[in-house]
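Open the model in your viewer and keep the selection tool at hand. The stops below say what to select next and what is there.

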Amino acid sequence: MENLIALLIAAPLLGAAVLLCGGRRLDAVGQWIGTVLAAASFVIAAVLFADMLGKSPEDRTFTQHLFSWIAVGDFRADVGFQLDQLSMTFVLLITGVGSLIHVYSIGYMEHDERRRRFFGYLNLFLAAMLLLVLADNYLLLYVGWEGVGLASYLLIGFWQHKPSAATAAKKAFLVNRVGDMGLSIAIMLMFTTFGTFAFGPLLGTEGHSGIAGDAGEGKLTAIALMLLLAACGKSAQVPLQSWLGDAMEGPTPVSALIHAATMVTAGVYLIVRSAAVFNAAPDAQLVVTVVGGVTLLFGAIVGCAKDDIKKALAGSTMSQIGYMVLAAGLGPIGYVFAIMHLVTHGFFKAGLFLGAGSVMHGMNDEVDMRKFGGLRKYMPVTFVTFGLGYLAIIGFPGLSGFFSKDKIIEAAFAKGGTEGWILGGVALLGAAITAYYMTRVMIMTFFGEKRWQPDAEGHEPHPHESPSSMTIPMIVLAFGSVFAGAFFSIGDRFVHWLEPVTGHSEGDSPVSALTVTAATMVLLVVGAGIAYLQYGRSSVPVTAPRGSLLTRAARRDLYQDDFNHVVLVRGGEHLTRSLVYVDHTLVDGVVNGTAASVGGLSGRLRKLQNGYARSYAVSMFGGAAILVAATLLMRAV
Amino acid sequence: MNPVNYLYLSALLFTIGATGVLIRRNAIVVFMCIELMLNACNLAFVVFSRMHGNLDGQIIAFFTMVVAAAEVVVGLAIIVSLFRSRHSASVDDASLMKL
């Protein structure tokens with residue numbers, strides 16, 4: 001049974017190889033090959049899951065050793081997989097949502113002539129992401145980490161003929177490199193500190209604690225902060241968040257799969273997987289919670305002002321991952337809830353993005369919400385599935401977001417002390433803003449009067465429901481958005497499931513769970529109410545009003561690009577210019593000066609070579625005379 | 001007779017030879033002057049041998065003669081071929097070896 005783990009990765013990898021190397025003759029069937037192999041991976045995952053459920057919680061860690069990758073002296077890096085409850089959760093999410101989005105893409109990409117390549121990239125992404133979560137050491141994880149970065153780059157820039165898409169892909173890649181550097185430094189630090197980077201000995205296995213806690217706290221904090229940097233890059237957390245909004249240039253299924261449900265959560269996986277390191281470095285944990293809290297508000301504020309439906313959802317993704325990172329920074333009281341929110345978020349956010357894609361599909365690829373309005377009559381299925389995703393994300397009682405987000409807010413309060421109050425307050429405020437911006441998206445898109453206009457060529461959009469290949473995945477995800485949270489929470493199923501891997505402890509909250517829930521509900525109603533008053537009661541102008549100072553800042557992503565431009569780009573330019581100046585004057589001066597003086601000297605010296613044997617004889621006699629004189633002089637002394 | 005006088009003679013011969021090498025242009029004469037310098041050295045070696053009462057100097061004098069004989073063969077061959085190609089035995093005419 002354990003030998004099936006490699007097949008999980010092999011199926012989509014085979015798909016990617018066949019689709020990308022197969023050439024034009026596969027154009028007609030490419031989408032089927034990609035979808036079938038993704039589904040095959042999901043079936044294998046389901047078989048493994050059933051097998052895992054049949055075992056007692058202590059022996060649920062499956063391992064498979066494929067081969068020794070690098071062996072030098074005592075050092076060994078293996079290609080091996082570790083499938084435990086944490087990886088299993090991810091594998092099911094990745095292959096499940098991945099398969100659904102493959103099905104959706106069949107409809108969405110129907111008219112794209114490069115469809116085969118698109119499915120090849122999607123399969124490549126699945127393979128890399130599965131490698132990331134299944135690797136049993138950090139080096140192999142790094143391979144998957146880079147693989148998803150590559151797939152993300154290729155898919156954001158899939159419509160490479162649009163300069164904006166090409167630029168967005170480049171930006172995502174470059175920003176991610178900063179994070180990747182953090183991960184590689186963390187791996188190097190681990191190797192110098194512990195001599196290994198395998199999960200087993202480092203982080204501990206069932207019943208054995210690893211050696212990760214043995215090092216000094218300073219070193220562990222350094223490793224943890226580097227891991228956090230990596231997580232920030234991949235998960236679009238402050239300060240490496242600027243790429244996610246632009247990444248929406250990619251096709252919508254990509255935004256749903258990679259930039260909402262799976263890849264961007266890799267950072268959360270990394271932190272939770274490295275729990276042993278973070279638990280022993282409280283300072284780093286504090287930084288993690290701060291990053292999560294700041295991003296939570298940052299993303300939410302940006303999401304409030306965007307008129308582009310996908311960018312509004314991207315801000316929301318950033319904010320929700322902020323929740324997860326915040327929870328992961330809380331330590332054992334938060335790990336399980338971070339992953340639980342990650343899974344429920346995977347359902348409802350993928351559903352919301354697919355809904356947005358469906359709307360765009362029916363509206364001639366229009367993304368400006370100010371030109372939607374009243375679409376509920378034209379797209380009933382999209383409306384209902386999007387609506388359920390909306391209720392789930394704002395935390396409507398009984399839906400999945402309600403359970404997972406509430407737990408995070410409680411855990412934040414349970415952190416204790418001033419920190420707990422601040423983090424809890426931020427999380428509560430985030431819930432209110434979430435309700436506001438999601439209600440805004442909902443009302444602007446599906447309610448009110450219709451505001452669409454003919455496009456530049458005079459085509460009036462004819463909003464229509466999408467084909468069933470697109471609506472069925474949306475319906476399935478809507479089911480997940482509604483029921484996943486309740487299913488996980490009843491009887492603390494999810495906690496018991498993950499506890500053996502991540503550990504779990506109940507926090508001692510200064511406020512009761514009921515108070516938190518009540519406060520969340522009040523804030524939810526307030527947030528949604530304000531949005532209703534602003535956008536539901538009065539008509540939405542087609543051109544955006546100038547807006548307040550905060551709105552204008554949020555429209556420009558709170559000036560993150562301007563900040564990057566001024567500090568990093570300009571700073572970098574000045575640095576390189578001064579370095580070039582130093583290079584030209586100092587370094588080149590020394591080198592050229594040496595060369596010039598040697599050249600000048602030899603130019604003079606060569607005049608001695610006049611070809612007359614007698615003048616050579618003079619220098620010989622002169623030299624001999626000097627030698628003799630010197631010898632005599634030395635002897636005299 | 002005081003052997004030092006032979007050293008004076010040797011120095012005188014060497015100086016004449018050196019001066020000849022430096023100021024004469026005819027390759028044959030330059031060559032003869034070199035031989036003169038070699039033989040001045042030989043004389044000095046022999047004198048030193050006599051003064052110190054051992055045979056080292058005489059042995060070196062023989063070596064010098066052998067080397068000088070070989071040198072004469074090569075040197076004259078060069079001079080003859082130089083003369084054949086340029087119809088001149090002036091050392092200043094053969095000044096092509098320069099930059």
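Select A:E419 in this predicted model: with 35% relative accessibility, A:E419 is classed as partly exposed, a term for values between buried (under 20% relative accessible area) and exposed (over 50%), taken with a 1.4 Å probe on protein chains only. The side chains of A:K415 and A:E419 form a salt bridge of 3.8 Å, N to O; the term requires a side-chain nitrogen of Lys or Arg within 4 Å of a carboxyl oxygen of Asp or Glu.

Next, select A:E146, A:R177 and A:D180, which are linked into one network by salt bridges that share partners. Over all chains, the structure has 16 salt bridges.

Now go to A:D246 and A:K171, whose side chains form a salt bridge at 2.5 Å, N to O. A:D246 is in helix α9 (residues 243-246) and A:K171 in helix α6 (residues 163-194), both of chain A, so the pair ties together parts 75 residues apart in sequence. Helices here are DSSP runs of H or I with at least four residues, numbered from the N terminus, while strands are runs of E with at least two. A:D246 and A:K171 are both buried.

Select A:K306 and A:D557 for another salt bridge, at 2.9 Å, N to O. A:K306 sits in the loop between α13 (282-305) and α14 (309-329), and A:D557 in the loop between α22 (549-555) and α23 (560-605), so this pair ties together parts of chain A that are 251 residues apart in sequence. Both residues, A:K306 and A:D557, are buried.

Move to A:Q31 in helix α2 (residues 30-53) of chain A. Its relative accessibility is 6%, so A:Q31 counts as buried. Beyond neighbours within four places in sequence, A:Q31 has contacts (heavy atoms within 4.5 Å) with A:I106, A:R115 and A:F119.

Last, show chain A and chain B together. Their contact involves 10 residues from chain A and 14 residues from chain B. About 1,000 Å² is buried between the two chains, 64% of it from carbon and sulfur atoms; buried area is the accessible area (1.4 Å probe) that two parts lose on being put together, summed over both. On the chain A side, select A:Y612, A:R614 and A:F621: these lose the most area to chain B, together 58% of what that side buries. Which residue does B:D92 meet in a salt bridge? The partner is A:R614, at 2.4 Å, N to O, and the count between chain A and chain B is 1 salt bridge.

Residues are numbered from 1 along each chain as its sequence is written, and chains are lettered from A and ligands numbered from 1 in the order written. Local features need pLDDT of at least 70 and side-chain atom pairs 80 or more, while totals for chains, interfaces and linings use all residues; side-chain values use heavy atoms, leaving out hydrogens and water.
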